[in-house]
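Here's a walk through the packing, the holes and the charged pairs of one protein assembly.

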Amino acid sequence: MSKHHIEAKVNGDPVEFLCETEDTLLDVLRDTLSLTGSKEGCSSGDCGACSVILDGRLVCSCLVLGCEVGGRSVETIEGMAKGETLHPLQKRFLEAAALQCGICTPGFLVASRALLEKTTNPTEHEVRYWLAGNLCRCTGYDKIVTAVMDTAAAMRKG
Amino acid sequence: MAETNGHSQANGQHVVGTRTVRPDGVDKVTGRARFGADFNLPGQLIGRVLRSPHPHARIVSIDTSKAEALPGVKAVITRADFADQPSEFIPAGEMMMNYKDVVRNVLAREKVLYEGHAVAAVAATSTAIARRALKLIEVKYETLPHVIDVVEAMRPDAPLLHDDLFTVGVEPKPERPSNIAKRVEIKQGDVEAGFKTADIIVEREFKTAPVHQGYIEPHAALATFSEDGSTELWTTTQGHYIVRAHCARLLGLDIGKVRVTATEIGGGFGGKTVVYLEPLAIALSRKAKRPVKMVMSREEVFKASGPTSGATVRVKLGATKSGKFVAAFAELKYQAGAFQGSPVQPGTMCAYAPYDIEHVHVIGYDVVSNRPKVAAYRAPGAPISEYAVESVVDEIAKKLDIDPIDLRMQNAAHEGTKAAYGPKFGPIGLEETLNAIRKTEHWNAPLRKWQGRGVASGFWFNIGGETCVSLTVNEDGTVSLMAGTPDIGGLRASLAAVAADELGVPYDKVRPIIGDTGSLGFNFLTGGSRSAFSGSMAIVEAAKQIKADLCARAGKLWEAKPDQVEFSEGHVRPLGALAEKVKPMSVADFAKVAGKTGGPIGGVGRINAQGAGPSFGTHLVDLEVDPETGRTTILRYTVAQDAGRALHPAYVEGQYQGGAVQGIGWALNEEYVYGADGKLQNAGFLDYRMPVASDVPMIDAILVEVANPKHPYGVRGVGETPIVPPLGAIANAMEAATGIRFTELPMSPPKVLKALKDKGLSKV
Amino acid sequence: MRYEAPESVEGAVALLAGAKGEARVLAGGTDLLVQMRADAVDPELIVDIKKIAETRAVTEEKGGWRIGAAVTGAELKEHPRLKQVWPGLVEAANLIGSTQVQGRATLGGNLCNGSPAADSVPALIAAGAVATLAGPKGKRDLPVEDVMLGPRKLALTKGEIIVSFLLPPRPARSSDAYLRFIPRTEMDIAVVGSGVSLTLDGGGTITAARVSLGAVAARVLLVQEAAQAIIGSRLDKAAQDRLEAAARAACRPIDDKRGTTEFRIDVAAVLTRRAALIALDRARTS
C-alpha cells in the first residue's frame, strides 16, 4: 500500500509529506513534520490540546486525516509568534500566569486566537463556552479566561 | 532565620513576592517546550503494552513466539524478563510502596489483578506493527471472581487477591489472609468518655468513588540502553531520582549507571510519582539494542495508572450545645487497588486536624481490590476524610443554629494545639482563613431559592525532604540555578526569584533549569507541596556558601579581616575604615575575576529540609440546583489559604484555583464507573467528566500569609491543601440549596433528582 | 486503507457500491476517526465526500432550505439567514462536542453515525427535514425519522449516501428549539435531547407541531402524541402537562453510565416542555 503524497501549507510555509491513510494531521505534525507544539491528550477530540487552525477554522488535528489537508493551510502554535514578537495572547498568558504545567497552553492559545479573530469583544460567558473544548487540569481556567479577555480589551485599544 | 529574610536587590527591592514572568514561559507559549512525548532519538522503536482484559485472573501461560516472528518486531518482554523482588517497603511520595508489588504492577507475574494490568510489551519499528504484534501474543488466563467495592472486598468471603496478605495492625495476627492489608489508628484521650459529655452527637456514613488525577499529558518514556549496562531515560515524571531508583532496582543496574532526565511535565498531581512505562522501555531497549519510546493512550492512562481510592467513611462527632467539639471518631475504609498502599494513613491524620478536640479516635483500613493500584492524588486521602468531617461539622452547626464559621473558629486548631496525629502546631493560619472568608462580599451576598452557600476548611501537613540545588555564577555575572525537583507549575519562577534576592542579581540574569540525575545529588520528588519550600531553603544554603566564598575572596583582594567585610544587597561591602579605601564589589564584579581569586564561583545546597509548616484553607461556594433535572451550577467560589509567604503570588493563586476546580469535578461529576464485569466503562475524557471552562466561575483567591518560622522566607507548601475543602464545601452548599445531606459523591444529576423526588421536593 | 475523495455524487456511490471490504464515508470525521483510533472499526476504504459540491452547499429551494450533508455546524451558525428561520436546528448542530468539533461535524455525519443521542437529529426531525439519498439505483428521499433504525443501523443500502437535507418552507409565526440534558455545560453526549418545532396562528394558537426525542430509545423518536397534545392549544399549563405525559410515554430508555431510565424519562418531560416554551416564544416574535 503506497503512502499519500501531500502538499500543503503549514504556518505559511509550503510543506510536503508522505502519510498513511490512517495517520491523523496530529500524527503528521508531530512525527513527520517535527512540530511537536500540538499535543496529544486523548486522541478523541475531547481535550483540545491538539487544536490547530485549518483554512481559518479551529479544529482538533486528531480528528483530521493527514491526507485530507492537500492544498490547504494549517496554522499551529508554532506559527503564532512572528519572529521574536509574541502574539498578544502569548504575552498576556505569560504576564498573567495563565499557565502552570503548560501542556494545554498551545491548544488554548490557538483556540483563543481563533476566538479573537472572530469576536473583538467577547463576554466571559462567550470565552468560557468557546474554550469548553480545551481541558485544563492545573489552572481552574480563571487566569486563562482573564488573560483572553484582557488581551481582547488591549487589542481593541489598538 | 530572619536574618536572611531581608535579602534583596541592590536597590532594596525584592523579586520574591512579585509577579514575574516565569523563565520557562516563552517556550511553553510557543510550543517549543518539550514534554515526555516530544522527545525522539534516531532509530528509535515504538513500544506498546499488552494489557489484561480481565479484572482478576491467573496467568496460565504467555506465548510470545508469533509476535517475535512478526517482521519489524525487535523485542518482546514478559514477567520472565524481570527478576522477582523481595518484599521491601519504601516511601513513594507521601505514601509507602513495596518493591514486590512494584515489579508485579509493572508487569503481572502470577496473576492479573485489574483490567488493564500490563502483561507483556513489544518494541517494533512502527506503532502499527507494535499494535499488530500485541494481537499476536497469546495469553491463557484462568479467570477468577473479582471484587472492587471496598466494603465488599473486606468481607471474609470476598475474592482474595493475595494469599500472602495478612492484615497488619490487628491483634492477634490473623491466621487467614484477606484483602485488608493494614489497620491504622490514631488515638487521643477517651472518645467514649468524651461522647458521654456531648449534648449532640451526629453520626453519618459517606461514600466516595475512585477518581483520577486527570493530567492532560499521558505517561511517556524514552529509553536507550548501552552495552556497558548504562541507560539514559527521558520521562515525564514528578521525581526522576525516584524513577532512577526504581528502574535500577527492577533491572538490576547500578544507580550511577542510570541517567534520568525529567522532561517538562504536563500535570501529575501525584499520579506521576511512580513508574509504569520506564522499566518496560529500558528492558525493551536492552533487548532490542535500540532506543524505545513508549506513550500511553488516554484509555491506558485511565485503566492502568493510579486513580485514587474510592472509600467508605463513618464519622461520629459530639459537641456541647454551645458548640464545643468534645469527642471525634471516624472509621475510614479506603481502596488500595490491586496492591496495598492506599492513602488511608494520611486520611486518618488529616480528618480532624483542623480542630482542637480533646478526645479523638480514627481508625483506617487499607483494602486491596481489583482495580488499578492507587497512586497519590493531591493531598492523598485527605479530601475524602475531610469531606466527611466537614459535612458533619456543618450538620452540627445547623442543628445548634450556630454560624458555620463561628463554629469552626470556636474549635479551630491554633498555635500550640496538639494534633491527634502527634505534632504540636506552630503558628498556623486556619483562623485567619476563616476570618478572611467572613470578611468577603461573597459571604454576605444574597441568595435565591434553590441556591445554597457552603463553607468548609481543610488541612495538609506538607513535607520537606532531601533536596539538592546548585547555584553557579558564570563569567559574565549571570547565575545558573540547577534544581532537581521537576517543575509542575511555576517552580522555576519562584526559585529564580529567591536566588535573585539572595545574591542581589537581577531576576532575568538568573537562569533556572531542572538538572538530570547525573548532575545533582539526590532529590526527593515533587510532591507533598515541597518543591518551593525545600528548593528555596536549599538555595539559601547554596547562596550562603557563595556569599561566604565571596567575602573570603574580598578579604584577600582587600587584605581585610573577616569582620571588615560583609555581604548585603548583592555586594560584598567593606566596613568601617576600609570603606574609604575600597568600593563594594557585586557578584558580577567577582565573576570577572573568579579565576584569579580562586576559581569558579558556586554553591550547592544539600539538605534534608525540615520544618515544613501545614497549610490551612477555607473555601466558600455558592451553587444553584435545578429542581427539575438535578443539575448543579457553581455560581461563585472563594478560596482563602495560608501560604506562609507567597514567593510568587500568581502561581500560589493558581494552586488555589486549580485545586478548587479539581474538587468541583470530584464533588459533582467525576467517578470511575465499573460494570458488573469489573471493566471500566468510562475510560476517556468524554465520560470521565472533568470540569470544562464553562462549568466553573472565576475562583477568587485570597492569599493569607502566616509566616512559617522554620523557613528562611516563611514559606509553607500550598499545592495540596486546595483540593481538600471543596468536597465538603460543595456538599454543604447542596444541603443549603436542597435541604438534603448528600453522603455519596459524586452528586451527579440523576442522584440529586432522585433524592429531590424521594423527599417530595421536585415537581417532576 | 484506501482514501478516495471523489468530486461527484456518482463517483462516491460507485466507490462505495463497489467496495469489497468495509467502507466508510468521511465527512467531518469527528466520529469516524475516534472509532478508528479505538479499533472499533477498521475500514478498507474511506470515501471523503467533502469535495462533492452538493454536499457542501446551503441553498434556498422551493421556499425551503437545502443543506448539504457535509456542511459543518460552524458554517450553519455563520449562515446569515438560517438561524433566523431554524434557530433550533442551528443551535442543535452547534451543541455537538466543542468549538473544534463544530468546525468539522456535519448533519450528515451526525445522523449516519447512528447514535440515538445525536444532538442534531431531534432538531432535524422536528423540522420535518427530508434526506435526499443517492445510490446505485438512483436518488430517493427519506424523512429523517426513517433514516436511523437503531444504534448504528441505518436505512441506507450499500452504496447509498446522504447528499443533502431539505427543510420545508416555513409558515409565518413558526420557530423551533432544541434542548439537551448533559451533566456538565458542554462536551457531554446528550442524556436526553428534545427538539420542538411549531407554528402559530394569528391568535397565538398552535396550528402545527412536531416533537422529537433523542437518547431515550433505540432510535430518535418522532412523537406524534406529543405534537397532538399541544396542537390547538396556546401551550397553557394543561397543554404542557399533556405534552409532558406524552413525552414520558414515548420514552423507552436504557440505564447506562450517563443516566438511569427513571432519570431520562423525567428529564425528557421537563426538556420537552421547556423546548416547546422557547419555540413558542420565538414563534411569537418571528
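Let's start with charges: counted over all chains, there are 85 salt bridges in this predicted model. As background, side chains of opposite charge can pair when their charged atoms come close.

| Salt bridge | Closest N and O atoms |
|---|---|
| Asp24(B) and Arg492(B) | 3.2 Å |
| Asp626(B) and Arg274(C) | 2.9 Å |
| Lys757(B) and Asp266(C) | 2.5 Å |

Take the pair within chain B, Asp24(B) with Arg492(B). It ties together distant parts of the chain, 468 residues apart: Asp24(B) sits in the loop between α1 (2-5) and α2 (25-30), while Arg492(B) belongs to helix α16. Are these two buried or exposed? Asp24(B) has a relative accessible area of 8%, so it counts as buried. Arg492(B) is buried as well, at 7%.

Now for the pairs that involve chain C. Asp626(B) forms a salt bridge with Arg274(C). This one crosses between chains, running from the loop between β26 (615-625) and β27 (632-642) of chain B to helix α11 (residues 261-285) of chain C. Arg274(C) has 25% relative accessibility, so it is classed as partly exposed.

Lys757(B) pairs with Asp266(C). Here too the link crosses between chains, from helix α21 (residues 749-758) of chain B to helix α11 of chain C. Lys757(B) is partly exposed, with a relative accessibility of 22%, whereas Asp266(C) is buried at 3%. Back in chain B, shared partners join salt bridges into one network made up of Arg22(B), Asp24(B), Lys28(B), Glu264(B), Asp487(B) and Arg492(B).

Next, the greasy part. In soluble globular proteins, nonpolar side chains tend to be buried together. Which residues touch the most other members of the largest nonpolar core? They are Phe93(A), Tyr352(B), Ile730(B) and Met747(B), out of 200 residues in that core. Helix α12 (residues 382-400) of chain B gives the most to this core, with 10 residues. Beyond its sequence neighbours within four places, Ile730(B) is in contact with Val621(B), Leu623(B), Ile634(B), Gly663(B), Ile664(B), Ala667(B), Leu668(B) and Met747(B). Another core lies apart from the largest one and has 53 residues, including Tyr507(B) and Tyr713(B).

Outside the four places either side in sequence, Thr208(B) is in contact with Ser309(B), Gly310(B), Ala311(B), Ile384(B), Tyr387(B) and Leu745(B).

Of its 46 lining residues, Ile488(B), Ser529(B), Ser531(B), Gln655(B) and Gly719(B) are the closest to the centre. Helices α16 (491-503), α17 (531-558) and α19 (649-668) of chain B each give two or more residues to that lining. By class, the lining has 20 nonpolar, 19 polar and seven charged residues.

The second largest cavity comes to about 220 Å³. Its lining has 20 residues, with Met97(B), Val102(B), Val274(B), Lys373(B) and Val374(B) nearest the centre. Two or more lining residues come from each of β5 (95-98) and α4 (99-106) of chain B. That lining divides into 13 nonpolar, five polar and two charged residues.

How values were computed. Residues numbered from 1 in each chain as written. Chains lettered and ligands numbered in written order. Predicted model: local features only at pLDDT ≥ 70, side-chain atom pairs only at ≥ 80, totals over all residues. Heavy atoms only, no water. Contact = heavy atoms within 4.5 Å. Core = buried A, V, L, I, M, F, W, Y, C linked by side-chain atoms within 4.5 Å. Buried < 20%, exposed > 50% of the residue type's maximum accessible area, 1.4 Å probe, protein only. Helix = DSSP H or I, 4+ residues; strand = E, 2+ residues; numbered from the N terminus. 1 Å grid on protein atoms, 1.4 Å probe; cavity = no way out; pocket = protein on both sides within 12 Å on 5 of 7 lines; lining within 4 Å. Nonpolar A, V, L, I, M, F, W, Y, C, P; charged D, E, K, R; others polar. Points joined across faces, edges and corners; volume = space filled by probe spheres on them. Salt bridge = Lys/Arg side-chain N within 4 Å of Asp/Glu carboxyl O.
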